[in-house]
Amino acid sequence: MVRRGRVELRRIEDRTSRQVRFSKRRSGLFKKAFELALLCDAEVALLVFSPAGKLYEYSSSLSIEGTYDRYQQFAGAVRNTYQGGASTSNDEDPSNLQSRLREITAWSVHNNADNADASNLEKLEKLLTDAKRALAKQNSNRSATGENSNGPTGEGGNA
């Protein structure tokens with residue numbers, strides 16, 4: 001039996017081959033996430049966006065939103081521990097979330113992530129980071145006021 005050897009990690013240029021590899025790797029990743037949750041009793045949430053922008057998700061708990069909320073609480077506690085209680089957020093207005101999401105949508109309409117250069121991908125990363133911060137701030141404000149904090153996609157989690 002011949003061993004396959006190590007796969008060279010670089011972008012697959014052929015679009016069909018890239019899609020096939022994405023599908024197989026995605027399936028394997030979701031299988032491993034399921035196994036980790038089952039065998040080790042771990043709480044696992046996994047989000048994958050395809051190159052076409054389609055969302056694939058897995059959660060070992062009832063909802064990804066619940067796991068994400070738990071992550072936010074943990075990350076906030078760790079951040080406060082290392083910074084003496086100071087917050088690192090940009091003190092953005094939570095109402096900016098809608099504008100941040102519009103910026104991300106506009107970026108994705110005008111750019112193709114498969115063909116984007118590093119600077120364009122860095123811009124997308126900044127947009128996503130800013131939107132995440134705005135969402136976290138909005139969720140923390142809702143928690144402080146006692147409002148219901150369902151995720152931005154509501155029930156089901158598919159956008």
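Colleague: In which helix does Gln72 lie?

Modeller: Gln72 lies in helix H2, residues 64-83; helices (H or I, at least four residues) and strands (E, at least two) are DSSP runs, numbered from the N terminus. This is a predicted model, in which local features need pLDDT of at least 70 and side-chain atom pairs count only at pLDDT 80 or more, while totals for chains, interfaces and linings use all residues. Residues are numbered from 1 along each chain as its sequence is written, and side-chain values use heavy atoms, with hydrogens and water left out.

Colleague: Why is Gln72 called buried?

Modeller: Buried means under 20% relative accessible area, exposed over 50%, and partly exposed in between (1.4 Å probe, protein chains only). Gln72 has a relative accessible area of 18%, so Gln72 is buried.

Colleague: Which residues does Gln72 touch, not counting residues up to four places away in sequence?

Modeller: With that exclusion, Gln72 touches Lys132 and Ala136, where contact means heavy atoms within 4.5 Å.

Colleague: What makes Lys32 and Glu35 a salt bridge?

Modeller: A salt bridge is a side-chain nitrogen of Lys or Arg within 4 Å of a carboxyl oxygen of Asp or Glu. The closest N and O atoms of Lys32 and Glu35 are 3.8 Å apart, and the pair forms a salt bridge. Both residues lie in helix H1 (residues 15-40), three residues apart, about one turn of the helix. Lys32 counts as exposed at 57% relative accessibility, whereas Glu35, at 26%, is partly exposed.

Colleague: How many salt bridges does a search of the whole structure find?

Modeller: The search finds three. One of them joins the side chains of Glu13 and Arg11, at 3.3 Å from N to O. Glu13 counts as exposed at 58% relative accessibility, and Arg11 as partly exposed at 34%.

Colleague: What is the distance between the closest N and O atoms of Glu43 and Arg70, and why does the pair tie together parts apart in sequence?

Modeller: Those atoms are 2.2 Å apart, and the two residues form a salt bridge. Glu43 lies in the loop between H1 and strand S1 (45-49) and Arg70 in helix H2, so the pair ties together parts that are 27 residues apart in sequence.

Colleague: Which residues make up the largest nonpolar core?

Modeller: A nonpolar core is a set of buried Ala, Val, Leu, Ile, Met, Phe, Trp, Tyr and Cys residues joined through side-chain atoms within 4.5 Å. The largest has eight residues: Phe22, Phe30, Ala33, Ala37, Val44, Leu46, Val48 and Tyr58. H1 and S1 are the elements giving two or more residues to this core, and H1 gives the most, with four.
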